[in-house]
Amino acid sequence: MPSKAKTGKKLVIVESPAKSKTIAKYLGEGFIVEASIGHIRDLPQPSELPAELKKTSVGKFAVDIENDFKPYYVVSPDKKKKVAELKAQLKDADALYLATDGDREGEAIAWHLLEVLKPKVPVYRMTFGEITKEAIHRAMDNLRDVDSALVDAQETRRVLDRLYGYEISPVLWRKVARGLSAGRVQSVVTRMVVDRERERMAFKSASYWDLTGQFGAGSASFKAKLAAVDGAKVASGRDFNDDGVLTARNAAHLNEELATSLAAGLQDADFRVRSVDTKPYTRRPAAPFTTSTLQQEAGRKLRFSSKSTMQVAQRLYENGYITYMRTDSSALSNEAVTAARRQASELYGPEYIPQSPRVYTSKAANAQEAHEAIRPAGDSFRTPAQVAKQLSGDEFRLYELIWKRTVASQMGDAKGSTATIKLGAVATDGRDAEFSASGTVITFPGFLAAYEEGKDESRGDDDSDEARRLPNVAKDDSLTASDILAVGHDTSPPPRFTEASLTAELEKKGIGRPSTYASTISTIQDRGYVRKQGSALVPSWIAFSVIRLLEQHFTDYVDYEFTADMEGDLDKIANGQAKGAAWLKHFYYGEDSDPGLLSIVNNLGEIDAREINSVPITDGITLRVGKFGPYLESSIPTVDPKTGEVVEASRANVPEDLAPDELTAAKAIELMETAAPEERVLGADPHTGHTVVAKNGRYGAYVTEVIPEMTEEQLANQPVEYYKNGKPKPAKKPVKAKPRTGSLFASMAVDTVSLDEALQLMSLPRVLGADAEGNPITVQNGRFGPYLKKGTDSRSIGSEEEIFTVTLEHALEIYSQPKQRGARAAVPPLAEFGPDPVSEKNIVVKEGRFGPYITDGITNITVPRTTALEELTRERAVELLAEKRAKGPVKRTTTARKAPAKKKAAAKK
């Protein structure tokens, strides 16, 4: 252990406060442990660059694209105070230890700290895979410098993502919708979800039948399934392709008639055993957890989202319960192998561990062996029972899962035998029917005594061997038969991805890094590209438009192999085999026949936005992705049954909860036939002469007046303004009058609302009168129902119909009562997370008008839709508040208002 300053202070910097508290316990006197709270600087928005840089090669991306793609970093506004604190601590220190995480991002944070703090004392890079006393002491014995190759790989990734997003996203804004974003991994993951939905939409179901029966031998009975007819294998679900075509050769495809007649012909048949086959059964344990497999298994067994899994794992790591949770390696250290084998032997018996330790290596594409697998921390493991009182419910469940998987990985194989019985009989019509039954009997559970891996939903028939014991029978034994039934089936489309199965597929294809899967899956949900339906991931129609545009015009950038190859290139940079600047130059500018991103963006040509945002559903009906959401449009002229008018193109809204694969031709026709009219003319306002119409809008039905455009004659008669020199000013475009509108009541509809009702709705708010102090009282309808308003004091009333019947006296009576929201104001916060490291104010979660939000009393941020309140952690709350502060206040567009004339100061006497 180095002793550069035996009596001085040694400053240790980590990322999080929780991690700093745990480490401080093991370092002893003389060490001061501080947290940077994540990254201290990042690329600014180009609009935030100094004026002198905006017109240079740095101005477009905050990256100097003409000088080795050097990024222009700035200290985040919410981190300036923290940087000042770290600099003050460093002044009194004799050594600096950078103890951020040992992955690429942690290495980059260490480098940023080095760049900003500019220490004049010895600097040491300190890494550890777990926060235990032994691990910290080992780390102090193995200090090193900051790894420039790892930093180069991470900074290349950061610049790459900026180039990708800032060049491609604006194309989406112009051709699909404002506010959309493209991302190097995000867009490819969205494509995977869209591709799966396309498969489901194109899928054609096939029908097939088979038979089941209950068979007995003595007092024992078992269930068997029809396997063959006249020697031909009976077709099952996996024998059909996605077009509903039978692909298996010589398979017997039974329909309902064939199956029911065969079942009837076997009711009194003489069934006998034709063969009994017994094979040994062996099953090996799964490898210890990597980041990817932990997310998958926590999703299957604990119903955790990928994001919540990583948040809980982060807490367990920072508090010293598990090893580092971002890893592609399934290897265990010698100490961990010894601990797992010892614990398995103690808990289950020495016969449950194999003679030699098990060794695991990663099978994922582009795996990085930089870390150990995720396992319980320490050279000896604490059992779940030993930590139960120290952990929250979710923390305990995840720790228990990790502990079981780790211990099981060093236990013996499960052993047993699998028996298959084939039996048959001849039906009355002469057809030979053969049934089959299988069962597995476990004679030695091995690792199954501790843990069994979960499975994702799969297609086809469930022909897995059940853990059941079949009766002891021999060939030619006679069997009794009962309940021989014909059973119909339909083939099923490919199952939608869940977070677990999507994570598995991403790892299999080598797309992205497991450490980023959780945030990527969360991002595509936050962006509105994907939503959850139960645990299934369902793409939105806008995702279809985005992916279609990218596939047609940025083909490589959503190609699975191309994206995986980019990860391989970044790995080469991390290993020191390539340089980030040269790679970025090739990516952006291209080389020889390989066009770069800049060339592709500059040569896009014409993009037909209407075609990109259209999906044909059936003849004459097309789904359009519009400004206000998806809708159906029919190109077949129809006749309005009420007016007799020919409507050239009719429209219908698409329900938000209708999944794309559920919008079949039949459903589209149904929606068109039952669609309420988009617009209905109600008549003219007798006072203004303006036409009044009822419409269906994105936020519901409403009525409005149509204010006619000014005629050329009226425009010509507008008063002329003159300059001081007497010349006339150019004619101003008249300010367009705002039409009166009113939302329909819940009891009203576009096709039934009357002109009188519409005029009443457009007259709101209705003035009831004034109180004794002369304050006007009005009644109106709002987003949360009808209410009275007096100044800033609002009071709810009963029903919408009361808006036109409530009297001033009734309103005064309501206002004479205490306001009924005191109880709500006294409701305690939904959660409390202690003081914020920046504002030093208490962080709480409150229930707001638009859902729960996080606040420190100064900054507010809504809890993201993808984060359940139960999953929200202090670290995440601090992070969200920091992100909101970094963005600054929301810039709202307001009508320019003339400043009042300044009063002249009184003359001095």
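Two residues are in contact when heavy atoms of each lie within 4.5 Å. With that meaning, this briefing on a predicted model considers how helix H6 meets two other helices, H16 and H4. It then turns to the residue Thr-290, which is placed in a loop.

**Helix H6 and helix H16**

- Helix H6 spans residues 148-175 and helix H16 spans residues 541-553; their axes come within 11 Å and cross at roughly 125 degrees.
- This angle makes H6 oblique to H16, and their crossing is right-handed.
- On the H6 side, Ile-168, Val-171, Leu-172 and Lys-175 take part, and they meet Val-546, Leu-549 and Leu-550 of H16.
- Sorted by class, this contact of H6 with H16 comprises six nonpolar residues, one charged residue and no polar residues.

**Helix H4 and helix H6**

- The axis of helix H4, residues 104-117, comes within 8 Å of the axis of H6, and the two cross at roughly 100 degrees.
- H4 and H6 are therefore roughly perpendicular to each other, since angles of 65 to 115 degrees count as such.
- H4 contributes Arg-104, Glu-105, Glu-107, Ala-108, Trp-111 and His-112 to the contact, while H6 contributes Leu-150, Val-151, Ala-153, Gln-154, Glu-155 and Arg-157.
- The residues in the contact of H4 with H6 divide into five nonpolar, five charged and two polar.

**The residue Thr-290**

- Thr-290 sits in the loop that lies between strand S12 (271-283) and helix H9 (291-301).
- Thr-290 counts as buried because its relative accessibility is 6%, and the cut-off for buried is under 20%.
- Leaving aside residues up to four places away in sequence, Thr-290 touches Thr-327, Asp-328, Ser-329, Ser-330, Ile-374 and Glu-507.

How values were computed. Residues numbered from 1 in each chain as written. Predicted model: local features only at pLDDT ≥ 70, side-chain atom pairs only at ≥ 80, totals over all residues. Heavy atoms only, no water. Helix = DSSP H or I, 4+ residues; strand = E, 2+ residues; numbered from the N terminus. Buried < 20%, exposed > 50% of the residue type's maximum accessible area, 1.4 Å probe, protein only. Axes fitted to C-alpha atoms, helices over the stretch in contact; angles between N-to-C directions. Parallel < 35°, antiparallel > 145°, perpendicular 65-115°, else oblique. Left-handed = near helix turned anticlockwise from the far one by under 90°. Nonpolar A, V, L, I, M, F, W, Y, C, P; charged D, E, K, R; others polar.
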